[in-house]
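The sequence and the structure are shown first.

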Amino acid sequence: MLRLDYPEIAANQLSIVESLLPPEILKLPADLEKVDQLLQDERFEEPFIERFNVTIGRGTVPVRPYVRLMILKYSSEWGYETLEKKVNDSITLKKFCRIPLDRPVPDSTTLIKLNQKYGEEVIKDLNQKLMKQLTERKIIRGRKLRVDTTVVESNTHYPSDANLLKDCVDAVGNTVKKVKSVYKEAANGFRSGARKAKQQLLKVVKVLNRRTGKSQQEVKAIVDEMVQTAKESQKAGRKVLDKLNEKDSDENRKLSKKLSDILDTVDKIIKQTEEVQSGNTHIKDRIVSIHDKEARPIKKGKLRAKVEFGYKAQIEECEKGFVSNYEVYKGNPADDTLLMDAVERHEETFGHVPEAVTTDRGYGSKDNEKNLKTAGVRKVAIPAKGKKSKARTELEKSRWFKRLVHWRAGSEAKISLLKRKYGLERSLSRGHIGTSTWVGWGILTHNLLNAVRYA
């Protein structure tokens, strides 16, 4: 059953503990009080009510405390367990989160499950509700739009073939351990090969440390051995899966699905490794993590990291530093194919296209400029690629063009801020949906704290 608040809070009842405390202790700090006022808008509950309004069953963690807990987590960069402990230990934070002082904070695992349950669409809706509120208060008007992309890295180590094969063996072994705790007979006779794979990986490291001309051939031979180890582990895992499927129960079905998914991913990683070993190093949709199958290698031309592993995120900003929209993509779609989608999202948010659009030259194309003009955008400031004509040079030297290009440069600082303070450097949630949810909470938190300046 969906709940918006705890019964005591909904009835505005003070607990015995609260009634004994001085009023000064229960007063929120100025910044938290302003965030609380922004979140009191009933529109922030609509995404939850539209999708999850069930009136039967056990009561869920109330929506209002859940949203506030997530805002605290992303504004303070706490893990779920730290969040639970910090809020439990603080009268002020409990008050902000609308949790009665005599009640415990929801368990960290419960909050993780709720994030998976509500997902990315709810978070996007919450950000849209905030943009609507700020528009009504005339804090923003949606007259300008700047767009840029970045990579949100997946929580994985460097995915060399040897590392991935070792991860495959470990993943099968760890899953079978869980099977053994539920249905011991299914795991009888299983040998994971984890120790053997570890020794083989250490051999690779030792050989590479020599830095001799023969090292590549030696590594290739060891990786071939690791492929065989992974195949043996996969074969042993298939036998466990067959035995597990013989006994039907909810827990067995759940473990069976998990083991089956891992074995399928192991099969794909073995095949892509064999492709590389045969000489084909350009593999489409290459898997870079056994635990995050949708993450991909992405090249953005950075000196620090030529290749990053994760997801491409597009950040779309309006005036006063608010991120009006965002999108997380699988793989590395070309920037110039994403611009018109950003303008459409802007129009949906504000009810009109922006008067001015500016991006870096990666978005530049004749079709994009033509489509923007057709859509009703009056000023388009996108530096042209390649050699420029005299007319184009004069256009790019005009005052309004240079002013918009200078404003666009601020998107680099905004992305840096989102990465440093709001978790967009690395997603600790797995998969495309998990990463999109992670990014959404970071952006929503940033927008709320930015709105406090104008409240």
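## Overall make-up

Of the 455 residues of the protein, 50% count as buried, and it should be kept in mind throughout that the model is a predicted one. The secondary structure comes to 19 helices and 7 strands, while the C-alpha atoms fill a box of roughly 75 × 65 × 40 Å when the box is taken along the principal axes.

## Salt bridges within helix H10 and elsewhere

The count of salt bridges comes to 33, and a few of these pairs are described here with their surroundings. Lys 166 forms a salt bridge with Asp 170, with the closest N and O atoms 2.6 Å apart, and both residues lie in helix H10 (residues 161–182), where a separation of 4 residues corresponds to about one turn of the helix. The two partners fall into separate classes of accessibility: Lys 166 has a relative accessible area of 14% and is therefore buried, since buried means under 20%, whereas Asp 170, with a relative accessible area of 22%, is partly exposed.

Another salt bridge joins Lys 312 to Asp 335, and here the closest N and O atoms are 2.7 Å apart. Lys 312 lies in strand S3 (residues 308–317) and Asp 335 in the loop between strand S4 (323–329) and helix H14 (339–350), so this pair ties together parts that are 23 residues apart in sequence. Lys 312 is buried, with a relative accessible area of 3%, and Asp 335 also counts as buried, at 13% relative accessibility.

A salt bridge is also found between the side chains of Lys 85 and Asp 89, with an N to O distance of 3.3 Å; in this case Lys 85 is exposed, and so is Asp 89.

## The network around Glu 45

Beyond these pairs, a network of salt bridges links Asp 5, Glu 45, Arg 64 and Arg 98. Within this group, the side chain of Glu 45 makes a polar contact with the side chain of Arg 64, at 2.7 Å.

Glu 45 itself is located in the loop between helix H4 (30–39) and helix H5 (46–52). Although Glu 45 is in a loop, this residue is buried, because its relative accessible area of 5% falls under the 20% limit for that class.

## A positive surface patch

Five residues, Lys 113, Lys 178, Lys 254, Lys 258 and Arg 430, form a positive surface patch. One of them, Lys 113, lies in helix H9, which covers residues 108–136.

Terms used. Residues are numbered from 1 along each chain as its sequence is written. This is a predicted model: local features need pLDDT of at least 70, side-chain atom pairs count only at pLDDT 80 or more; totals for chains, interfaces and linings use all residues. Side-chain values use heavy atoms; hydrogens and water are left out. Patches are made of residues with over 30% relative accessible area and no salt bridge: like charges are joined within 9 Å, nonpolar side chains (Val, Leu, Ile, Met, Phe, Trp, Tyr) within 5 Å. Accessible areas come from the Shrake-Rupley method with a 1.4 Å probe; for residues, only the protein chains shown count as cover. A salt bridge is a side-chain nitrogen of Lys or Arg within 4 Å of a carboxyl oxygen of Asp or Glu. Lys and Arg count as positive and Asp and Glu as negative; His and the chain ends are not counted. The place of a charge is taken as NZ of Lys, CZ of Arg, CG of Asp or CD of Glu. Helices (H or I, at least four residues) and strands (E, at least two) are DSSP runs, numbered from the N terminus. Buried means under 20% relative accessible area, exposed over 50%, partly exposed in between (1.4 Å probe, protein chains only). A polar contact is a pair of N or O atoms within 3.5 Å; within protein, one must be able to donate a hydrogen and the other to accept it, and residues adjacent in sequence count only if both atoms are side-chain atoms.
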